[in-house]
Amino acid sequence: MRRLVVYVVVLLAGCSPIVDASFSDVEVTRPNVSVPAAPTGALPSVTFSFSFDSTTLGANANPDAQEGIVSVNLHRLVLTAKSGITDLSFIETLHAMACVPTSKTSTSSSRQVEIADFERVIDLPVGSTFDVPIPEPVDLLPLLRPSSSEPRRILVIVNLGGRLPTSEWKADVSMGLSIELRQ
Amino acid sequence: MRRAILATMHLPKACSRSLGLLACAAVSVSAEEAMAQGPAPETGQITYTPMRRTGPEAPPSSRPVHAPPTVPIYAPVPGARSGQAHAPPPALPYEPAPVKRYASPPAQIYAPSATPRYAPPAAPLATPAMRSRFATSGTPAVVTTAVPTQAETGRRTMGLGFDLGMPDGVNLGLVLSPADWLRLAGSFGTNTTGLAYRGGLSLLPVGWGPSFSFEAGHCNLAPTNSVIRTFFSVSAWVAPYVQELGYTYFNAHLGFDLVRGNVTMYLHGGYTFLMGIVRAPKSVVVDSSTGTTVTIAEEGKVYAQTLSAKLGLVFLFGGS
């Protein structure tokens with residue numbers, strides 16, 4: 001009897017469960033992103049960037065750990081005005097790209113993903129929240145599989161165009177993700 | 001002539017009168033002879049046999065109209081039940097008659113079986129009233145109407161069960177065992193975080209030893225702890241997001257049940273399919289330097305297939 005119990009415990013310990021988990025709406029929010037003042041000109045544009053640690057999002061250099069994340073898709077990108085402005089209707093173009101920087105201080109990258117490419121067609125009021133249209137989900141999984149030499153960090157670079165404010169303003173940037181896990 | 005005619009006319013009358021006198025004399029003589037040969041009759045005793053009328057309450061064929069049989073009709077039948085097979089004896093005294101209408105007692109309805117389910121015939125009557133009605137034959141009819149009960153047969157059907165395992169947790173509940181090979185259970189408990197309840201059945205083909213168990217259970221949504229996270233092998237980076245977990249599970253187990261009297265101890269193990277939901281009401285800070293947070297806006301769905309096991313104890317009430 002005792003031997004049987006030992007066998008069962010060893011068997012259970014050696015066989016971890018097969019777990020499939022899916023999260024359809026995970027929101028990653030980077031608050032208070034500073035946007036510099038736009039230069040005066042005919043078609044002014046401004047580029048700003050922000051980064052955040054991706055370790056808690058599952059980024060791992062270990063291939064076995066990487067297998068645990070089946071898919072990460074971006075299906076929503078939202079800018080919310082926090083200070084300096086109250087209306088984001090001035091945005092006419094928006095291009096965003098996410099990447100894994102080669103170092104913590106560098107903006108260069110060997111793996112990058114374009115996450116938004118927007119151009120306003122109809123002039124409609126937006127308000128303080130701008131929900132960037134994303135035609136189809138964007139696969140962000142490469143960003144969570146850094147090499148051993150790359151930092152576990154995601155850098156997002158955004159370029160805005162339009163009748164931009166001439167003073168600095170701040171906004172929250174949120175990314176809606178759907179994640180599937182298996183372990 | 002006239003006298004002659006008259007004389008002849010009186011002649012037959014005289015002859016007939018004389019013949020009548022002679023006959024009377026002969027009869028009286030024979031009567032005296034007969035009286036002289038036989039015993040003198042006893043005076044003052046009259047014997048008659050009353051006729052019983054057939055009543056409307058019973059058909060004539062069912063009643064003994066004539067003399068009762070020499071063999072008592074209501075003699076006790078071994079193993080017969082009282083008051084069921086025979087009518088009570090007649091109250092009127094019958095004179096014995098040589099003719100025997102009923103040659104044998106009624107057939108034995110309740111034959112004694114090999115297993116002594118009834119008391120032996122030597123036992124006394126159950127009640128004094130029955131004894132007085134059936135005591136005419138000298139040997140009392142004996143019957144006990146005992147029906148075997150569950151306690152006499154040693155069958156135990158209900159009890160309590162306790163078990164410990166994952167993903168079931170700790171459960172305490174009722175056990176119903178209508179047969180040796182079948183055990184039904186319903187229980188409440190906890191998976192160490194929230195309320196859990198479960199129902200299932202166990203099949204024991206030989207009443208003990210190998211068993212097959214099928215169960216379905218549910219654990220309410222509740223904050224997780226290290227026990228739950230360890231069982232589900234939750235990765236370190238996922239752990240902050242698994243703040244609340246609730247699940248429904250189905251077990252298919254093989255096991256071994258050790259039965260000792262009223263107590264059964266078992267170890268079951270096998271396959272479990274589980275489906276649940278994960279919630280994270282609180283945002284998770286993924287980068288404190290920038291204040292980046294992650295919020296699970298919509299509850300996540302979890303499906304798991306795993307090996308599972310539990311150790312349990314069943315105590316059945318009653319029986320011998």
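This is a predicted model: local features need pLDDT of at least 70, side-chain atom pairs count only at pLDDT 80 or more; totals for chains, interfaces and linings use all residues.
- Within chain A, the bridge partner of A:Ala21 in β9(A) is A:Leu181.
- A:Ala21 also has a bridge partner in β10(B), which is B:Val302.
- Also along β10(B), B:Lys301 stands opposite A:Ser22.
- In β9(B), the residue opposite A:Glu27 is B:Thr295.
- Strands of a sheet pair through backbone hydrogen bonds, in either a parallel or an antiparallel sense.

**Contact between chains A and B**

- Chain A contributes 32 residues to the contact and chain B contributes 30 residues.
- On the side of chain A that touches chain B, at least two residues each come from α1 (2-14), β1 (18-35) and β2 (45-53).
- β1(A) gives the largest share of that side, 14 residues.
- By residue type, the side of chain A that touches chain B consists of 18 nonpolar, 9 polar and 5 charged residues.

**The open sheet of chain A**

- Four strands of chain A form an open sheet in the order β2-β8-β4-β5, with antiparallel pairing.
- β2 and β5 (109-119) of chain A are at the edges with a single partner strand each, so one side of each has no neighbour in the sheet.
- From one strand to the next, the twist averages 15°.
- β2(A) pairs with β8 (residues 153-162) of chain A in the antiparallel sense, over 9 bridges.
- One of the residues in this pairing is A:Phe48, whose bridge partner in β8(A) is A:Val158.

**Nonpolar cores**

- The largest nonpolar core has 51 residues, and those touching the most other members are A:Val26, A:Ala96, A:Ala98, A:Leu140, A:Leu144, A:Ile154 and A:Leu177.
- Beyond its neighbours within four places in sequence, A:Ala98 is in contact with A:Gln112, A:Val113, A:Ile115, A:Leu140, A:Leu143, A:Ile154, A:Leu155 and A:Val156.
- Another core, of 8 residues, lies apart from the largest one and includes A:Leu88, A:Trp169, A:Ala171 and A:Val173.
- Nonpolar side chains tend to be buried together in soluble globular proteins.

Note on methods. Residues are numbered from 1 along each chain as its sequence is written. Chains are lettered from A and ligands numbered from 1 in the order in which they are written. Two residues are in contact if their C-beta atoms, placed from the backbone, lie within 7 Å. Ala, Val, Leu, Ile, Met, Phe, Trp, Tyr, Cys and Pro count as nonpolar, Asp, Glu, Lys and Arg as charged, and the others, Gly among them, as polar. Two strands pair if DSSP finds at least two bridges between them. A nonpolar core is a set of buried Ala, Val, Leu, Ile, Met, Phe, Trp, Tyr and Cys residues joined through C-beta atoms within 7 Å. A residue is buried if 20 or more other C-beta atoms lie within 10 Å of its own, exposed if 12 or fewer, and partly exposed in between; C-beta atoms are placed from the backbone. Axes are lines fitted to C-alpha atoms, for helices over the stretch in contact, and angles run from 0 to 180 degrees between N-to-C directions.
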